[in-house]
Amino acid sequence: MRAIAAIAVNTFRESVRDKVLYNLVLFAVLLMGASYLIGQLTAGQDVKIIKDLGLSATAFFGLFIAVFIGIGLVSKEVERRSVYSLLSKPIHRHQLVLGKYCGLVLTLAVNVTVMAAALYLVLAYMEHVASPDAMRAWDAPALDSALLKAVALIFVELTLVTAIAVFFSTFSTPILSAALTFGLYVVGHFSSDLRNLQDVVDSPAAARLARGLYWVLPNLAQFDVKADVVHGRVVPLGYLAMTTGYAALYISMLLVVSVFVFSRRDFR
Amino acid sequence: MTARTLTKGAGAIALATVLMAGAVQVQAMRERVYPPAAAIEDDLYVRSGAALRRLTVAYNALGADVYWIRSLQYFGGTKRRLAQLRGPEPPPMLALDEYPLLYPLLDITTSLDPRFNIAYRFGAVFLAEPYPGGPGRSDLAIALLEKGLYERPDKWEYMQDIGFVHYWYDHDYAAAARWFKKASEVPAAPWWLGSLAATTLAVGGDRQSSRIMWEAIRQSAENDWLRQDAERRLAQLRALDEIDRLQRVVDAFFRRTGRPPSGWVDLERARELPGVPLDPARTPYELGAEGRVRLSASSKLWPLPEEPKRLGGPAS
């Protein structure tokens with residue numbers, strides 16, 4: 001456990017050294033700039049759009065961090081041959097994979113937390129300057145705590161995407177890993193189409209295949225509750241718990257397979 | 001950091017600033033010599049909301065925001081362009097070709113975010129507004145609101161808006177009353193919708209009942225734009241009343257002198273009016289050579305709504 005924690009902390013430090021957290025500055029500038037411009041352009045929809053923008057940017061920046069750092073976590077060590085010196089130390093291969101994964105999850109946690117805080121700050125400012133009449137038109141209050149549910153599910157989705165990226169990076173090249181991870185990300189958001197394919201195809205075999213893929217491929221659409229919280233619709237805690245449970249099991253499965261693949265790799 | 005490093009840094013920034021300023025100057029010079037083409041006409045490459053829902057993956061709501069901003073810019077830009085062409089007699093044939101992208105833009109916005117309340121409500125007003133303020137497509141306005149009702153069947157505001165489109169733009173008071181009544185039956189609906197339904201059915205088209213409707217809309221408006229729009233409509237109704245009053249003064253002058261007044265100054269001299277009459281937007285009314293009083297085309301209240309066909313006339 002201590003070895004995993006040490007690798008995780010080092011992975012986090014490495015991402016800080018690689019200036020990954022600079023995206024937070026970009027995020028803050030984007031939100032502040034948008035909060036001014038959007039007020040002029042949106043006919044009273046500024047709070048809704050800032051929420052949409054803040055949550056989407058959190059998901060978008062997080063996705064790029066998860067994919068582009070995730071795919072390099074293991075493969076970069078192999079490419080640089082630093083994996084030899086790492087594995088010559090008293091650590092197991094599974095500790096290396098899990099430590100790297102946890103390190104990136106820590107980076108994502110810091111990112112998502114700071115972005116959520118920045119979003120709330122901008123929203124607090126908007127609430128401060130809004131007239132009571134403008135507030136009456138909002139679907140949900142500016143400083144709605146339900147936004148945290150969307151942020152939490154974005155984070156859970158990102159940890160799943162990271163696990164996918166780590167999985168591919170244990171046996172593939174970085175470019176192919178990135179392509180495959182992005183591919184799965186897109187497919188994961190269209191899982192309902194796979195579920196409903198039987199309604200549009202006549203072939204029972206194709207319908208069964210689609211149904212099978214629906215259950216096997218990661219269902220990422222369920223983590224997207226951004227529009228619901230922005231419109232003030234209730235996202236039950238039970239839903240949150242079940243989607244998080246699904247992600248935990250799926251991530252565990254991916255990490256088990258990643259560890260297995262990485263353990264069998266021959267680095268000679 | 002040494003002094004030398006600092007000097008080097010300052011030098012680099014100064015050089016970059018000079019180069020940037022140079023680039024800006026060259027571009028400005030090029031634009032003077034070879035003026036850039038006029039803005040490219042707006043276009044929509046993908047018109048299917050369902051396709052865009054897929055293309056935007058997990059960012060549907062943000063996509064809807066982008067299309068909403070595009071809708072506003074498109075509507076505002078077209079309206080401004082047409083306002084520059086406007087005169088006392090608008091060319092109605094032009095309306096056929098104007099605002100072709102407005103409905104597709106609003107349709108995409110509401111397909112990407114089916115709960116985008118304001119896109120339905122503002123969008124319906126934009127679509128129904130007659131030329132040159134809009135395309136005059138009350139059918140599309142109702143279609144957009146019905147799309148919203150499909151998503152949120154309990155939204156009495158959409159029913160009220162459909163009733164309003166029937167009332168104000170189509171002058172179909174029976175349909176308007178039916179929708180107001182339907183809206184009043186929604187559990188959370190305000191009490192006055194029931195009265196509005198009854199008034200519309202009884203004296204639909206009467207200027208006073210229009211005033212009641214706009215006053216109700218003004219009081220229940222959930223944002224500034226809707227409230228300001230209702231206030232503008234109320235001001236237009238006041239202008240219609242004032243035009244009727246002024247017309248009576250002009251007609252009386254005509255009967256007395258046997259000729260129409262050559263301008264407001266004749267009526268001032270005859271002590272019929274204290275001065276040049278101003279509309280509620282503080283623009284002088286116009287008096288035509290034939291003795292007809294009308295709103296100036298440069299008034300913020302122009303064009304006035306079409307007078308109801310059934311029970312038009314001054315307010316009681």
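Predicted model: local features only at pLDDT ≥ 70, side-chain atom pairs only at ≥ 80, totals over all residues.
Reader: Hi! What share of the 268 residues of chain A count as buried?

Author: 41% of the 268 residues of chain A are buried. A residue is buried if 20 or more other C-beta atoms lie within 10 Å of its own, exposed if 12 or fewer, and partly exposed in between, with C-beta atoms placed from the backbone. Residues are numbered from 1 along each chain as its sequence is written, and chains are lettered from A and ligands numbered from 1 in the order in which they are written.

Reader: ok, and what secondary structure does chain A have?

Author: Chain A has 12 helices and 0 strands. Helices (H or I, at least four residues) and strands (E, at least two) are DSSP runs, numbered from the N terminus.

Reader: How big a box do the C-alpha atoms of chain A fill?

Author: Roughly 70 × 55 × 30 Å, taken along the principal axes.

Reader: And what part of the contacts in chain A with a separation of 6 or more comes from residues 24 or more positions apart?

Author: 81% of them. Two residues are in contact if their C-beta atoms, placed from the backbone, lie within 7 Å.

Reader: Can we zoom in on α12(A)? How many residues does it have?

Author: Helix α12 of chain A has 28 residues, 237-264. From first C-alpha to last it reaches 40 Å, close to the 40 Å expected at 1.5 Å a residue. The expected span is 1.5 Å times one less than the number of residues.

Reader: Which residues of α12(A) are buried, and what do they pack against?

Author: The buried ones are Ala247(A), Ile251(A), Leu254(A), Ser258(A), Val259(A) and Phe262(A). They pack against α3 (46-79), α5 (93-129) and α7 (147-169) of chain A.

Reader: At what angle do α5(A) and α12(A) pack?

Author: About 135°, with their axes 9 Å apart. Axes are lines fitted to C-alpha atoms, for helices over the stretch in contact, and angles run from 0 to 180 degrees between N-to-C directions. That angle makes α5(A) oblique to α12(A). Angles under 35 degrees count as roughly parallel, over 145 as roughly antiparallel, 65 to 115 as roughly perpendicular and the rest as oblique.

Reader: Who's touching whom there, i.e. which residues make the contact?

Author: α5(A) brings Arg93(A), His94(A), Val97(A), Leu98(A) and Tyr101(A), and α12(A) brings Leu255(A), Ser258(A), Val259(A), Phe262(A) and Ser263(A). By class, the contact of α5(A) with α12(A) has 6 nonpolar, 3 polar and 1 charged residues. Ala, Val, Leu, Ile, Met, Phe, Trp, Tyr, Cys and Pro count as nonpolar, Asp, Glu, Lys and Arg as charged, and the others, Gly among them, as polar.

Reader: Now Gln95(A). Why is Gln95(A) called buried?

Author: Gln95(A) is buried because 21 other C-beta atoms lie within 10 Å. Gln95(A) sits in helix α5 of chain A. Leaving aside neighbours within four places in sequence, Gln95(A) is in contact with Ala3(A), Ile4(A) and Ile7(A). Its C-alpha atom is separated by 9.7 Å from that of Ala8(A), 87 residues apart along the chain.

Reader: What about Tyr120(B), where does it lie?

Author: Tyr120(B) lies in helix α5 of chain B. Tyr120(B) counts as buried because it has 26 C-beta neighbours inside 10 Å. Leaving aside neighbours within four places in sequence, Tyr120(B) is in contact with Thr110(B), Leu144(B), Leu145(B), Gly148(B) and Tyr158(B).

Reader: Last one! At what angle do α4(B) and α6(B) cross?

Author: Helix α4 (residues 102-112) and helix α6 (residues 138-151) of chain B cross at roughly 5°, and their axes come within 11 Å. α4(B) and α6(B) are therefore roughly parallel to each other. Tyr103(B), Leu106(B) and Thr110(B) in α4(B) meet Leu140(B), Leu144(B), Lys147(B) and Gly148(B) in α6(B).
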